[in-house]
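Take a look at the model first, then come back for the notes below.

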Amino acid sequence: MTTYDFTLKFAVPGDLGMETLESLLFEAGCDDALIGVGLKGRLALEFSREAVSAQQAITSAMADVKRAIPQARLIEVGPDLVGVTDIAELLDFTRQNMRKLLQTHLATFPLPLHEGRASLWHLAEVLDWFQTHQRRKIDDALHEVAQTSMQANVARESRRVPAEHIRHFDDALVS
C-alpha cells in the first residue's frame with residue numbers, strides 16, 4: 001500500500017456548519033483528511049490516504065464524501081492545475097529558475113491549459129516533461145496522483161459538454 005496525498009474540493013449546502021461537516025465526514029471514513037471551509041458552501045479536503053493505487057485512493061475518498069454529504073458536487077481534484085510558482089515549489093526550484101527553464105525550452109515544454117498573466121498547466125504533463133527532458137526523478141506517488149487528478153478533472157468537465165460537440169473539436173484538433 002502507498003500513501004497518496006491529494007485534495008478534493010466540493011460545493012456543499014451553505015447551511016452546514018463546520019462541526020456538522022466534520023462529524024458527517026468522520027463518520028463516513030474521511031478521518032484521513034484535513035477539512036477546510038473558506039467560502040460559505042465550499043469544502044476542501046486534503047487527504048493522505050493509503051491505497052493500492054491513486055485511482056482507488058481518490059475514488060474511495062469521493063465516495064466517502066458523497067456518502068457523508070449526498071448533495072456535494074465535485075469542483076476539482078488536485079494536484080492538477082499548476083502555475084510557475086507551484087511547479088517551482090514542487091520541484092524545489094526558485095520561481096525565477098523555473099521561468100528561465102520554461103523560456104529556454106518553449107518548443108518542448110507542455111502547452112499550458114490556460115495562457116495569460118498566470119498560465120496554468122496540468123501537473124502530470126509537466127512531471128512527464130521533467131522525467132523525459134530533464135532526466136529528473138519524480139516521486140512515483142506524486143506522479144500517479146497528478147495523472148489521476150487530471151483524468152478526474154477532465155472527465156468531470158467533459159460530462160458538461162454534449163458528446164457531439166466533443167467529436168467536432170476532436171476532428172478539428174486532429175486535422
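Of the 175 residues in the protein chain, 35% are buried (under 20% relative accessible area; exposed is over 50% and partly exposed in between, with a 1.4 Å probe and protein chains only). This is a predicted model, where local features need pLDDT of at least 70, side-chain atom pairs count only at pLDDT 80 or more, and totals for chains, interfaces and linings use all residues. Residues are numbered from 1 along each chain as its sequence is written, and side-chain values use heavy atoms, leaving out hydrogens and water.

**Overall architecture**

- The protein chain holds 7 helices and 6 strands, taken as DSSP runs numbered from the N terminus (helices H or I, at least four residues; strands E, at least two).
- Read from the N terminus, the order of elements is β-α-β-β-α-β-β-α-α-β-α-α-α.
- The C-alpha trace spans about 50 × 40 × 35 Å along its principal axes.
- Among contacts (heavy atoms within 4.5 Å) with a separation of 6 or more, 64% join residues 24 or more positions apart.

**Helices α5 and α6**

- The axes of α5 (residues 123–133) and α6 (residues 140–158) come within 8 Å and cross at roughly 140 degrees; these axes are lines fitted to C-alpha atoms over the stretch in contact, with angles from 0 to 180 degrees between N-to-C directions.
- On the α5 side the contact involves Leu123, Ala124, Glu125, Leu127, Asp128 and Gln131, and on the α6 side Leu142, His143, Ala146, Gln147 and Met150.

**Aromatic residues**

- The whole structure contains 5 aromatic pairs, meaning Phe, Tyr or Trp rings (six-membered ring for Trp) with centres within 6.5 Å; planes under 30 degrees apart are stacked, over 60 edge-to-face and the rest tilted.
- Phe93 and Phe130 make a tilted pair, 5.8 Å centre to centre with 45 degrees between the planes.
- This pair links distant parts of the chain, 37 residues apart: Phe93 sits in the loop between α3 (84–90) and α4 (95–104), Phe130 in helix α5.
- Phe93 counts as partly exposed because its relative accessibility is 26%, while Phe130 is buried at 1%.
- Phe109 and Trp121 pair edge-to-face, 5.7 Å centre to centre with 85 degrees between the planes.
- Phe109 is in the loop between α4 and β6 (121–122) and Trp121 in strand β6, so their pair ties together parts 12 residues apart in sequence.
- Both Phe109 and Trp121 are buried.
- Phe93, Phe109, Trp121, Trp129 and Phe130 form one aromatic cluster.
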